[in-house]
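Please read the points beside the sequence and the model.

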Amino acid sequence: MKDEQRTTVGRRDFLRKVGIGTVGAGATLATPLITPAQADSETDDEKRKARYKETDHVKAYYRVNRYPG
């Protein structure tokens with residue numbers, strides 16, 4: 001029985017080979033996606049402006065869902 005060769009792949013060997021293949025494919029795909037960082041283009045006034053606006057559809061959402069107003 002010890003002389004027979006194993007034809008099946010063990011669970012750990014399989015996971016190890018799949019992991020190596022995944023890392024290689026991930027590195028290949030991620031390389032063209034890397035772009036240099038860009039500086040923020042907003043001025044200080046634009047950063048401090050109010051961004052949330054309570055428009056009609058927001059008011060309707062609050063009214064329909066019975067949020068206190």
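1. From the N terminus on, the order of elements is α-α-α. The protein thus described contains 3 helices and 0 strands, where helices (H or I, at least four residues) and strands (E, at least two) are DSSP runs, numbered from the N terminus.

2. This is a predicted model, in which local features need pLDDT of at least 70 and side-chain atom pairs count only at pLDDT 80 or more, while totals for chains, interfaces and linings use all residues. Residues are numbered from 1 along each chain as its sequence is written, and side-chain values use heavy atoms, with hydrogens and water left out.

3. The mean pLDDT (the predictor's confidence in each residue, from 0 to 100) of the protein is 74, and 62% of the residues score at least 70. Confidence is lowest in helix H1 (residues 11-30), with a mean of 65, and highest in helix H3 (residues 56-64), with 90.

4. Of the 69 residues in the protein, 3% are buried; buried means under 20% relative accessible area, exposed over 50%, and partly exposed in between (1.4 Å probe, protein chains only). The accessible surface (Shrake-Rupley method, 1.4 Å probe; for residues, only the protein chains shown count as cover) comes to about 7,500 Å². Carbon and sulfur atoms account for 56% of that surface.

5. Is Val58 buried or exposed? Val58 belongs to helix H3 and counts as buried, because its relative accessibility is 16%. Apart from neighbours within four places in sequence, Val58 is in contact (heavy atoms within 4.5 Å) with Tyr52 and Lys53.

6. How many salt bridges does a search of the whole structure find? The search gives 2, a salt bridge being a side-chain nitrogen of Lys or Arg within 4 Å of a carboxyl oxygen of Asp or Glu. In general, side chains of opposite charge can pair when their charged atoms come close.

7. Asp40 counts as exposed, at 54% relative accessibility, whereas Lys47 is partly exposed, with a relative accessible area of 42%.

8. Glu42 forms a salt bridge with Arg51, and the closest N and O atoms of this pair are 3.1 Å apart. Glu42 counts as partly exposed, since its relative accessibility is 30%.
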